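Try each one before you read its solution.

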Amino acid sequence: MAEFPKSTDSIGTKFLGFVYGEVKDLSKQFLTLLSGVLVFSVTFSEKIVGFPTVSLLAKNLLFVSWLLFIGALVATGAAIWLNYVCASMVLRGREDSAASLVPKIYYVLDLGGVGFVVGLILLAVAALVRITS
């Protein structure tokens with residue numbers, strides 16, 4: 001396990017020593033979770049919604065949830081790429097540019113997380129619409 005950076009360390013040392021690894025691990029785990037939920041929901045979409053008999057609202061909710069899951073996958077992949085770009089900048093001595101990129105990494109990850117949660121909520125609502133109709 002990496003040692004927690006000290007306050008006297010440079011921005012680059014802090015980033016490479018702590019942020020880079022944490023964001024990379026979090027993103028990989030989140031990608032695994034996202035892809036699993038997406039595959040599960042596509043595989044069992046007939047059981048979740050029941051396409052031939054369900055209303056258009058439930059179908060649309062399911063499709064929007066899938067779009068949100070795909071968007072979250074893209075956002076998480078973008079966060080991994082931005083994390084790599086930031087590490088490259090630090091290694092090339094461009095710590096100022098890298099420091100301004102770190103908040104963007106977190107923003108993109110947060111965007112993916114919000115998309116995932118909203119997608120789960122819509123998936124649950126689509127199932128509820130089927131149950132109540």
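**Exercise 1: the overall fold**

How many helices and how many strands are there in the chain?

Solution. Keep in mind that this is a predicted model. Start by counting elements: the chain has four helices and zero strands. Next, read them off from the N terminus, which gives α-α-α-α. Then look at burial: of the 133 residues in the chain, 35% are buried. Finally, check the contacts between residues at least 6 apart in sequence: 75% of these join residues at least 24 apart.

**Exercise 2: a pair of helices**

Work out how H3 and H4 are arranged: are they roughly parallel or roughly antiparallel to each other?

Solution. Two packed helices are described by the angle between their axes and the distance between the axes. Step one is to get both values: the axes of H3 (residues 56–91) and H4 (residues 95–132) come within 7 Å and cross at roughly 165 degrees. Step two is the cut-off: an angle over 145 degrees counts as roughly antiparallel. H3 and H4 are therefore roughly antiparallel to each other. Step three is the handedness, and here H3 passes H4 in a left-handed crossing. Step four is to sort the residues of the H3 contact with H4, which come out as 30 nonpolar, seven polar and two charged.

**Exercise 3: a threonine and a serine**

Find out whether threonine 76 is buried or exposed, and list what it touches.

Solution. First place the residue: threonine 76 lies in helix H3. Its relative accessibility is 0%, so threonine 76 counts as buried. Setting aside residues up to four places away in sequence, threonine 76 touches Ser27, Phe30, Leu31, Leu34 and Leu109.

Now follow one of those partners. Serine 27 sits in helix H1 (residues 11–43), and at 0% relative accessibility serine 27 counts as buried too. Beyond its neighbours within four places, serine 27 is in contact with Thr76, Ile80 and Leu109.

**Exercise 4: a valine on H4**

Where is valine 117, and how far is it from serine 65 in space, C-alpha to C-alpha?

Solution. Valine 117 is in helix H4. Its relative accessibility is 43%, so valine 117 counts as partly exposed. Valine 117 and serine 65 are 52 residues apart in sequence, and C-alpha to C-alpha they are 9.4 Å apart.

Key: Residues numbered from 1 in each chain as written. Predicted model: local features only at pLDDT ≥ 70, side-chain atom pairs only at ≥ 80, totals over all residues. Heavy atoms only, no water. Axes fitted to C-alpha atoms, helices over the stretch in contact; angles between N-to-C directions. Helix = DSSP H or I, 4+ residues; strand = E, 2+ residues; numbered from the N terminus. Parallel < 35°, antiparallel > 145°, perpendicular 65-115°, else oblique. Left-handed = near helix turned anticlockwise from the far one by under 90°. Nonpolar A, V, L, I, M, F, W, Y, C, P; charged D, E, K, R; others polar. Buried < 20%, exposed > 50% of the residue type's maximum accessible area, 1.4 Å probe, protein only. Contact = heavy atoms within 4.5 Å.
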